[in-house]
Amino acid sequence: MKVEMIRDLGFEMVVEGQGEISHGYACDLLSEVMGNAKPDTIWFTVQSHVNIVAVAVITGIKAIVLCNGHDYDEETIEKAKKEKIALFKTKLNTFEAVKKVCNVI
Amino acid sequence: MEIELMENIDDLIKKIQPYFSELSVGDFMSSPVITVREDQTVFYAKELMRAWRISGLPVVDMDGKLKGIISIEDIIHALESGTLEALVSEKMTRNVISLFKYDKIMDAFKKFEMYGYGRFPVVDETDYRVIGIVTKQDLMLALLKKLSILYVHDARREEFVGVDIYRSIPKSVKIERTEFEFQIDYKDISLAGTGASELKKFLLSKNFSPKFVKRIAIATYEAETNVVIHSNSTGRIKAYVEPEFVEVRVNDNGKGIENIEMAMRDGYSTAPDYVREYGFGAGMGLSNMKRCADRMIILSSKGNGVFVEMHFWRHEDES
């Protein structure tokens, strides 16, 4: 699915992005994400600090969904714009958020 | 993939001494060398040391021949006794122990051990002119440099870093040429990975495949993160690039790894709680590095920082 389509699933778009999403990953431990996420992934997490963008850049994650109603740090948003990583947020918990997406990938 | 850990640099040096036997003082001495003439003042010597940030100077005569050595200690004595205007020849240490440029590295080692001085001037064997100087740092740098070349070129190293079969052995690694360099000069954990991201972009710009680059970037990210979380110090990322091969070195100036075997275990972490809340410190960093690198060497001991060297050969499916 296209990154833009994530918004249509009811997630709030914070930073727009583009490209195709083929995989998903849900985890809050950065090393685990680093070691296991595939390229072109949508990543569900509750981590909101700027380092998640570095993780995304390195692993090839295209979009991040911040769950549980957390907010992104301003720095994270700036960095994501620069690196062209799409940021979304939702009040849903990680499990519910994943459920919404897993049928359409 | 093999991984070898050296707990202690001293042990390592002992093990690898035979491999350095052909290195001569002339190969690693610092040259030209800052000297002071015997008929100049102690004050002048002090200013030289301050300007060059060095703690000792060989003293020479008009012809550049070695006459003595003056150290920061001699300067302090002169300061205490108010004799900064005295001539260097009055305050210097005579009977200096020196080296010749054809002396072997082991001779230099022995002199450091035997005399406990921090530096030895190197003199020409015919006319005793000062042509260089060797400090402990020169010695260590020479060893590390040689060691890096050994990793890549010399199959004999397998005796001490483990046996492995290379996919390909790079033929002309120009180890002197740093292609990429990044200073890890921040303490903010949320910035970790900045260097790895830069390296990723750099490697992609060199037309390496995304799959190969990802492997290198992940390993570098973990090493960089470790510097930020654990070293309480600054560090540096360096990468050397060949068409089929990338070498990444990450080092820091921090407290070092006390128990390297423990640190290698999955899930073992000494990261503080605030770092864990951020999703770091899961104890998986080193194993991610091990998994991504074709070869990895970690040198560390308590108080001596950590030196990580990782080798990546482009695999067949990474074109």
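What pLDDT does chain B average, and what share of the residues score at least 70? Chain B averages 81, and 82% of the residues reach at least 70. Here pLDDT is the predictor's confidence in each residue, from 0 to 100. The model is predicted: local features need pLDDT of at least 70, side-chain atom pairs count only at pLDDT 80 or more, and totals for chains, interfaces and linings use all residues. Residues are numbered from 1 along each chain as its sequence is written, while chains are lettered from A and ligands numbered from 1 in the order in which they are written. The model scores ipTM 0.77 and pTM 0.57.

Elements are DSSP runs numbered from the N terminus (helices: H or I, at least four residues; strands: E, at least two). Over residues 149-176 of chain B, pLDDT stays under 50.

The contact between the chains takes 18 residues from chain A and 22 residues from chain B. Two residues are in contact if their C-beta atoms, placed from the backbone, lie within 7 Å. On the side of chain A that touches chain B, α2(A) gives the most, with six residues.

Within chain A, α2 (residues 51-59) packs against α3 (residues 74-83) at an angle of about 20°, with axes 8 Å apart. Axes are lines fitted to C-alpha atoms, for helices over the stretch in contact, and angles run from 0 to 180 degrees between N-to-C directions. The two helices α2(A) and α3(A) are therefore roughly parallel (angles under 35 degrees).

Conventions:
Parallel < 35°, antiparallel > 145°, perpendicular 65-115°, else oblique.
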